[in-house]
Amino acid sequence: PSPSPMGVRRQKQNRKTLTFFRVHFSLSPPYPVLCDGTFLAFLLHPSRRLHLRTTLSALLSDAPAHPLTTACAAAELAALGDTVSAAALAARKLPKIPCAGHGDAPCDASACITSTLASRLAPPPPPPPPPAGASANTPPAAPPEKSGGIILATADARLARAARLVPGVCVVVASAATGVTLEAPGAASRAAAERAAKRRRAAEE
């Protein structure tokens, strides 16, 4: 069946969002999607049983997705027992992004993912000073304008709020009320893109 007018608008907005992150944060297919335990539990709940890659691909303009998780998220699901056994099994099979800031010691999964996102997308170091003897009129090298973006998929509203504060994170939210949705770029990502555009214009002057 043909998509509803609302579905068409959502698809158009999703394409616009993906284009934004591709242009400003080099996010491209196969899209890396960091899935937390709440997202996997939502998809694989007995009342839904949604296929992970198919659901993500449909959301991402039919482009391939590369779902990932963290060891902390997988361990947290495993500790919850039979109620989320399907999600725990899925998490165990997914590739793991190294957890940031605590080595091999387990920690709260939401804190782990938040720190991992911030570490992965930390701004690049400033450019080195000009070499000795360089002309005072020589403009300094512009810092890199892009860092590799990533998609976070979660059903945890608090984690989604924290992720929106990290430039370069594209957020997918799952809820019983709205299903699985791709959010428009957050204020932090838009501000980072504008700063990069200003640096680019200044370097061209």
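**Entry 1: model and fold.** I am working from a predicted model. I looked up the secondary structure and found eight helices and six strands. Reading from the N terminus, I noted the order α-β-α-α-β-α-α-β-α-β-α-β-β-α.

Entry 2: I checked burial next. The chain has 205 residues, and 38% of them count as buried. I put the accessible surface at about 11500 Å². Carbon and sulfur atoms hold 60% of that surface. Then I turned to contacts between residues at least 6 apart in sequence; 67% of these join residues at least 24 apart.

**Entry 3: nonpolar cores.** I asked which residues have the most contacts inside the largest nonpolar core. They are V33 and F39, in a core of 34 residues. Another core lies apart from the largest one and has 14 residues. I97, L117, V166 and V169 are among them.

**Entry 4: cavity.** How many cavities of 30 Å³ or more are there? I count one. The largest cavity has a volume of about 40 Å³. I listed its lining as F21, R164, V169, C170, V171, E183, A184, P185 and G186. Strand β5, residues 169-175, gives the most to this lining, with three residues. I sorted the lining by class and got six nonpolar, one polar and two charged residues.

Note on methods: Residues numbered from 1 in each chain as written. Predicted model: local features only at pLDDT ≥ 70, side-chain atom pairs only at ≥ 80, totals over all residues. Heavy atoms only, no water. Helix = DSSP H or I, 4+ residues; strand = E, 2+ residues; numbered from the N terminus. Buried < 20%, exposed > 50% of the residue type's maximum accessible area, 1.4 Å probe, protein only. Contact = heavy atoms within 4.5 Å. Areas by Shrake-Rupley, 256 points an atom, 1.4 Å probe, with all protein chains shown as cover. Core = buried A, V, L, I, M, F, W, Y, C linked by side-chain atoms within 4.5 Å. 1 Å grid on protein atoms, 1.4 Å probe; cavity = no way out; pocket = protein on both sides within 12 Å on 5 of 7 lines; lining within 4 Å. Points joined across faces, edges and corners; volume = space filled by probe spheres on them. Nonpolar A, V, L, I, M, F, W, Y, C, P; charged D, E, K, R; others polar.
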